[in-house]
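My entries follow in the order of the look-ups.

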Amino acid sequence: MAPNPSETSTSTIQRVLAYALLGVVIISVGSFFAIMIGTWTGMSQADFGTGLWPVVAMTPYIGLPLAMLVLIALLIAGAIGRSRAARGQ
């Protein structure tokens with residue numbers, strides 16, 4: 001039996017959201033650890049204000065709430081897919 005096109009699109013959306021969630025969380029946690037390692041190696045607060053460090057410092061502030069929103073979207077997409085599958089059976 002051929003898959004229903006709506007089921008395929010829902011699973012594709014869920015896959016994209018899952019990979020986006022994973023990517024945002026990995027980048028945010030990685031930048032958090034970069035700040036911890038930079039502090040551990042002796043960088044002062046003034047050193048974190050130059051170069052790429054301001055972007056690295058702001059990434060967890062933006063990335064982790066964004067990851068939470070993507071997680072909520074993933075849960076909603078999963079609930080919609082399950083309700084469509086239940087109606088189809």
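How many residues does helix 2 have, and what does it reach from its first C-alpha to its last? I found 36 residues (53-88) and a reach of 52 Å, close to the 52 Å expected at 1.5 Å a residue. The expected span is 1.5 Å times one less than the number of residues. Helices here are DSSP runs of H or I with at least four residues, strands are E runs of at least two, and both are numbered from the N terminus.

I noted the ground rules. This is a predicted model, in which local features need pLDDT of at least 70 and side-chain atom pairs count only at pLDDT 80 or more, while totals for chains, interfaces and linings use all residues. Residues are numbered from 1 along each chain as its sequence is written, and side-chain values use heavy atoms, with hydrogens and water left out.

**Whole chain.** I counted two helices and zero strands in the protein chain. Buried residues (under 20% relative accessible area; exposed is over 50%, partly exposed in between; 1.4 Å probe, protein chains only) make up 20% of the 89 residues. I also looked at contacts, meaning heavy atoms within 4.5 Å. Of those with a separation of 6 or more, 74% are between residues 24 or more positions apart.

**Helix 2.** Where does helix 2 kink? I found a kink of about 35° at T59, shortly before the proline P60. The bend is the angle between axes fitted to the seven residues ending at a residue and the seven starting there. T59 and P60 are both among the buried residues of helix 2, which also include G63, A67, V70 and L74.

**S28.** I placed S28 in helix 1. Is S28 buried or exposed? S28 is buried, because its relative accessible area is 1%. Leaving out residues up to four places away in sequence, S28 touches T59, P60, G63 and L64. I note that T59 is also the site of the kink.

**W53.** I found W53 in helix 2. W53 counts as partly exposed because its relative accessible area is 23%. Apart from neighbours within four places in sequence, W53 is in contact with A34, I35, M43, D47 and F48. W53 and A34 are 19 residues apart in sequence and 9.4 Å apart in space, C-alpha to C-alpha.
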